[in-house]
Amino acid sequence: MRADPAAAVDRLGVEAPRLDREVLADPSLRAELLDGVADALAGGTEGWVRDALLVRSPWPVAPAQVDVPVTWWHGEHDVAVPLVAAEAAVSALPHGVLHRLPEAGHIGWMHDRDAIVQALVGA
C-alpha cells in the first residue's frame, strides 16, 4: 500500500458493490481516498497494524456504560469489516443505532457522506 497507494485504492473496486464503484469513479472522492492512504502510512505501517490490533482488543470501557447516542453507518457488503461486526458493536451499546447501507461495501458510505453529516449535525 505504501509503495503504490493508487493500486491499493483501485483494489477496493474489485468486485465491489455499486456505491463503492461510484466512489472510486468520482475523481474528488478517489483523491481523498489516496490522500487518506498516504497520510495513514506516512510514518510507516506501525500505526496501521496497531489500529488493526486495537480493533480486536477489549474496549477500555464496557459498551453498556456508554450512555451517549452512537450512530453508525455500515455497508452491507463490506468485506474488510463485515456487517456482523458492526451489528455486534452497536447491539452492545445502550443507545446505538446502526444504519445499513444496502448497496455499499467498505467505502460506499462516502457517496452519502453529506446526508450522513447532516444527520449527525441535526442529532
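Predicted model: local features only at pLDDT ≥ 70, side-chain atom pairs only at ≥ 80, totals over all residues.
1. Start with Asp20, which sits in helix 2. Is Asp20 buried or exposed, and which side chain of opposite charge is nearest? Asp20 is buried, yet it has no salt bridge. The nearest side chain of opposite charge is Arg21, at 8.1 Å.

2. What does the side chain of Asp20 reach at 2.5 Å? It reaches the backbone nitrogen of Gly105. A polar atom of the Asp20 side chain also lies 3.0 Å from the backbone nitrogen of His106. Leaving out residues up to four places away in sequence, Asp20 touches Glu103, Ala104, Gly105, His106, Ile107 and Gly108. Look at that stretch with Asp20 in view.

3. Now turn to Gly105. Its place is in the loop between strand 2 (96–101) and helix 6 (113–122). Gly105 counts as buried because its relative accessibility is 3%, and the cut-off for buried is under 20%. For a sense of scale, take Ala89: Gly105 and Ala89 are 16 residues apart in sequence and 18 Å apart in space, from C-alpha to C-alpha.

4. Next, the salt bridges. How many does the structure hold? It holds five. One of them joins Arg18 and Glu22, whose closest N and O atoms are 2.7 Å apart. Both residues lie in helix 2, four residues apart, which is about one turn of the helix. An α-helix has 3.6 residues a turn, so residues three or four places apart point the same way.

5. The side chains of Glu103 and Arg18 meet in a salt bridge, at 3.0 Å from N to O. Glu103 lies in the loop between strand 2 and helix 6, while Arg18 lies in helix 2, so this pair ties together parts that are 85 residues apart in sequence. Glu103 counts as partly exposed because its relative accessibility is 37%. Arg18 is partly exposed at 36% relative accessibility, and Glu22 is partly exposed at 30%.

6. Another salt bridge joins Glu32 and Arg113, with the closest N and O atoms 2.6 Å apart. This pair links distant parts of the chain: Glu32 is in helix 3 and Arg113 is in helix 6, 81 residues apart. Glu32 is partly exposed, with a relative accessible area of 34%. Arg113 is partly exposed too, with 26%.

7. Then the nonpolar core. The largest one has nine residues. They are Val9, Val23, Leu24, Leu29, Leu33, Val37, Leu41, Ile107 and Met110. Which helix gives the most? Helix 3 does, with four residues.

8. Not counting residues up to four places away in sequence, Met110 touches Val23, Leu29, Glu32 and Leu33. Glu32 is the salt-bridge partner of Arg113. Ile107, another core member, is among the residues that Asp20 touches.

9. Which residues of helix 5 (residues 83–91) are buried? They are Leu83, Ala86, Ala89 and Val90. Seen down the helix axis, these buried residues fall within an arc of 125 degrees, so they line one face of helix 5. They pack against strand 1 (70–75) and strand 2. The face turned away from the buried side carries the exposed residues Val84 and Ser91.

10. Last, a backbone detail at Glu15. Glu15 lies in the loop between helix 1 (5–11) and helix 2. It has a positive phi of about 55 degrees, although it is not a glycine. Is Glu15 buried or exposed? It counts as exposed because its relative accessibility is 81%, and the cut-off for exposed is over 50%.

Methods. Residues numbered from 1 in each chain as written. Heavy atoms only, no water. Core = buried A, V, L, I, M, F, W, Y, C linked by side-chain atoms within 4.5 Å. Buried < 20%, exposed > 50% of the residue type's maximum accessible area, 1.4 Å probe, protein only. Helix = DSSP H or I, 4+ residues; strand = E, 2+ residues; numbered from the N terminus. Contact = heavy atoms within 4.5 Å. Lys, Arg positive; Asp, Glu negative; His and termini not counted. Salt bridge = Lys/Arg side-chain N within 4 Å of Asp/Glu carboxyl O. Polar contact = N/O pair within 3.5 Å; in protein donor to acceptor, adjacent residues only side chain to side chain. Arc of directions from axis to C-beta.
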